[in-house]
Amino acid sequence: MSARTSSDSIFSLSQLISASHVLGSDPSLVLRGGGNCSVKGVWTLPDQTQVEALYVKGSGHDLGTLTTDGLTPLRFEQVRGYLSSPLVSQDSLMDALLAARLDPSFPAPSVESLVHAAWPRPFVLHTHADVVQGLTDTASAAEIAHQVWGERALFLPYATPGLPLGLAVVEAFSSQPHTQILIVESHGVFTAGDSADEALDLHRWVITQAAKFIDSLDVPPLKLRSPHELSPNTSYQIAQLRQNLSEIAGEPLILRHYPNSPVGRLGEDSHLLAAMKRGPATPDHVTWVGPGVIEVGSVGQYPEKYREYVARQATRTGLETQPFAGFPRAIVLPEIGLVTAGRQGEEADATREICEHTLEVVRIAEALGGYRPAPEEHVFDLEYWRPQREKYFRRERSGPDAGRVVLVTGAASGIGHACAKAFLDRGASVIGWDLSPAVVDAFASPNWLGQVVNVTNVDRQQEALKEAVAHFGGLDVFVPAAGIFPSAEDLSELRLDAWQRTLDINTTAAVAGLKLCHPYLRHAVDGGYVCAIASKNVAAPGYGAAAYSASKAALTQVLRVAALEWAGDGIRVNMVHPDAVFDTALWTPDLLAKRAEHYGLTVDQYKRRNLLHAEITSQRVGELTATMCSQVFSCTTGAGVPIDGGNERVI
Ligand SMILES: [Zn+2]
């Protein structure tokens with residue numbers, strides 16, 4: 001809370017925030033960042049003079065979780081002036097709004113700030129309610145609006161958010177200055193009041209009236225097929241689809257599979273599915289679903305269709321532009337159901353939500369004579385409007401591995417954990433397997449999927465992989481890191497059960513993982529990568545480490561065969577050979593101290609017993625592994641890279 005806000009305004013802001021939380025908690029009213037709200041108050045300048053302020057929701061904030069940090073104070077008179085200034089255009093509007101901020105540390109204000117400024121009431125609330133879109137995405141929207149809300153509401157034909165909508169509101173208010181409810185065709189509802197509660201009550205009234213009207217229509221319920229089953233075959237199809245979509249997008253994408261989503265259970269011949277393709281329920285959704293909302297079956301025609309749409313609209317507007325982000329975001333495959341795509345998992349989630357709400361809007365509109373969304377030119381104007389494009393690109397890629405999918409075994413601790421962290425730091429989406437349940441919450445990132453998997457159970461590996469592919473869409477990288485180091489035993493005293501167990505985990509489980517991952521790695525974006533955690537012991541075995549050394553040597557030999565056999569599939573298979581990594585669970589401080597003493601060294605000297613006197617940490621091994629699964633190693637396969645600080649026996 002800024003010290004520049006007066007106590008009256010603080011009271012108003014908290015009222016507004018409470019009302020916005022009520023609206024924001026209902027996904028049938030607003031989705032992810034949609035809708036907005038405002039209140040008019042005062043702001044104290046550094047010279048202690050007070051100016052009128054418009055506090056409006058900033059971009060990147062949700063109504064449901066809004067705080068005062070998300071209410072950007074704008075100089076009210078300046079924003080109102082934009083409505084009559086010949087200097088402000090739709091393209092320069094966002095710069096003008098940014099310039100009107102009374103404190104530049106607040107986020108960019110909503111593009112709908114002009115509507116809020118135009119309204120001569122202190123509190124304004126705005127949502128994109130499904131029911132309002134359903135009733136107005138129709139050929140007779142004006143008559144229906146009149147029938148449902150009567151004289152209390154003012155109906156406005158669709159106008160692009162920003163300057164066009166602001167000017168349309170000013171014009172409408174000139175004849176009806178006392179309006180408190182505004183219904184905007186194919187968009188949503190604005191309500192205004194002298195208190196936040198009054199605006200909220202009006203909002204509730206609008207929704208209730210709409211719901212009553214829809215109830216009276218007897219809209220037929222959705223006829224849905226039973227949910228789709230997950231099978232290895234569906235998983236391979238999803239991985240293949242991800243490869244195709246990523247090729248269209250020119251970058252790796254994350255896919256989500258929603259076997260239960262009603263959108264994917266309508267049946268290919270459903271008239272509702274066909275109707276959805278007419279366009280987004282409101283043009284603002286174009287960023288999430290594209291101009292065609294949904295593809296059914298093959299995606300091969302999409303690039304051509306998208307190019308034609310851009311060319312058609314560019315001719316109309318005279319805009320010279322390169323098509324951007326032109327990949328299908330929601331696809332219905334007959335045997336699989338709904339799959340959505342995005343540059344991050346969260347984008348794919350948002351697309352699913354918007355598709356399902358679009359279906360609800362379409363269901364209502366079809367019962368009212370047919371779904372007729374805003375025409376294509378409005379969709380294009382919003383998709384290619386500079387602030388919208390900047391908003392899209394602001395959600396920029398989070399690192400060199402954004403969109404790539406990595407599987408790491410043994411990811412709850414030690415080297416496996418460090419590998420998972422290195423990939424997450426590079427922006428990858430990471431699946432982590434471990435016997436320990438701690439793996440589930442090992443990282444608090446939306447790009448993390450921790451699964452409890454005993455790698456010696458091949459059925460469980462297969463099941464987990466299917467779930468992971470439904471969550472991220474495929475696999476680009478496999479890092480078998482799970483392993484054990486049994487307590488040192490001389491060969492003459494070797495227990496065969498310990499020997500067998502070491503081979504089961506370090507070798508056989510990794511071989512099973514390689515086999516299961518292969519069909520997915522074949523469909524990796526830009527080729528698949530395997531990087532196994534082997535050991536210095538392969539080249540230089542240690543005393544008392546027969547089982548461990550043999551298990552890692554066998555794994556190494558398997559990987560060399562994989563490098564031969566899988567090169568034709570574009571899969572690189574390499575390995576790292578770490579030594580003396582002491583920051584893992586195997587090495588307690590007590591054990592370290594004892595071993596150091598055994599050699600007559602300090603712990604630090606013992607840790608750095610190598611030619612470079614380097615301390616080898618899990619983090620270093622993780623970073624090397626991630627690098628070996630990047631373009632840097634795209635021309636290398638079948639190689640092992642030591643990470644041991646230099647060892648005379650290896651060199
Ligand atoms: Zn809106």
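1. Val293 is buried in this predicted model, as its relative accessible area is 2%. The residue belongs to the loop between α11 (286-289) and β9 (295-296). Its backbone deserves a remark: Val293 has a positive phi of about 60 degrees although it is not a glycine. Most residues other than glycine have a negative phi.

2. Asp526 is placed in the loop between α18 (496-521) and β16. With a relative accessible area of 57%, Asp526 is exposed, whereas Val293 is buried.

3. The zinc site draws its protein donors from Glu112 (OE), His126 (NE2), His128 (NE2) and His187 (NE2), which lie 2.1 to 2.3 Å from the ion. Along the chain, these donors follow the spacing E-x13-H-x1-H-x58-H. The arrangement is irregular because the 4 donor atoms subtend angles of 82 to 156 degrees around the zinc ion, while a tetrahedral assignment would require all angles to lie between 85 and 135 degrees.

4. An open sheet of 7 strands is present, with parallel pairing and the order β14-β13-β12-β15-β16-β17-β18. Its edges are formed by β14 (448-452) and β18 (640-643); each has a single partner strand, so one side of each is left without a neighbour in the sheet. On average, neighbouring strands of this sheet are turned by 15 degrees against each other, direction ignored.

5. Within this sheet, the pairing of β15 with β16 can be described at residue level. Strand β15 (residues 477-479) runs parallel to strand β16 (residues 529-533), and 2 bridges join them. Phe478 stands opposite Val530 in β16. Helix α19 (residues 546-566) packs on the sheet, where it touches β16 and β17, and its direction makes about 155 degrees with that of β17.

6. A further helix, α16 (residues 414-425), lies across β12 (405-409), β13 (429-434), β14, β15, β16 and β17 (572-578). Helix α16 runs at about 170 degrees to β12.

7. The largest nonpolar core has 47 residues, and the members that touch the most others are Leu475 and Val530. Helix α18 gives the largest share of this core, namely 7 residues. Which residues does Val530 contact, leaving aside its neighbours within four places in sequence? They are Phe478, Pro480, Leu514, Leu521, Leu559, Trp566, Ile571, Arg572, Val573 and Asn574. Phe478, one of these contacts, is also the residue that stands opposite Val530 in the sheet.

8. A second, separate core contains 43 residues, including Trp43, Val148, Ile364 and Leu368. Val148 sits in helix α6 (residues 141-149). At 6% relative accessibility, Val148 counts as buried, the limit for this class being under 20%. Not counting residues up to four places away in sequence, Val148 touches Leu135, Gln209, Ala210 and Phe213. Val148 and Leu135 are 13 residues apart in sequence, and their C-alpha atoms are 9.1 Å apart in space.

Methods. Residues are numbered from 1 along each chain as its sequence is written. This is a predicted model: local features need pLDDT of at least 70, side-chain atom pairs count only at pLDDT 80 or more; totals for chains, interfaces and linings use all residues. Side-chain values use heavy atoms; hydrogens and water are left out. Donors are N, O and S atoms within 2.8 Å of the metal (3.2 Å for Na, K and Ca); water is not among the atoms, so sites may look incomplete. Four donors count as tetrahedral if all angles lie between 85 and 135 degrees; four count as square planar and six as octahedral if opposite donors are over 155 degrees apart and all others between 65 and 115; anything else is irregular. Two strands pair if DSSP finds at least two bridges between them. Helices (H or I, at least four residues) and strands (E, at least two) are DSSP runs, numbered from the N terminus. Axes are lines fitted to C-alpha atoms, for helices over the stretch in contact, and angles run from 0 to 180 degrees between N-to-C directions. Contact means heavy atoms within 4.5 Å. Buried means under 20% relative accessible area, exposed over 50%, partly exposed in between (1.4 Å probe, protein chains only). A nonpolar core is a set of buried Ala, Val, Leu, Ile, Met, Phe, Trp, Tyr and Cys residues joined through side-chain atoms within 4.5 Å.
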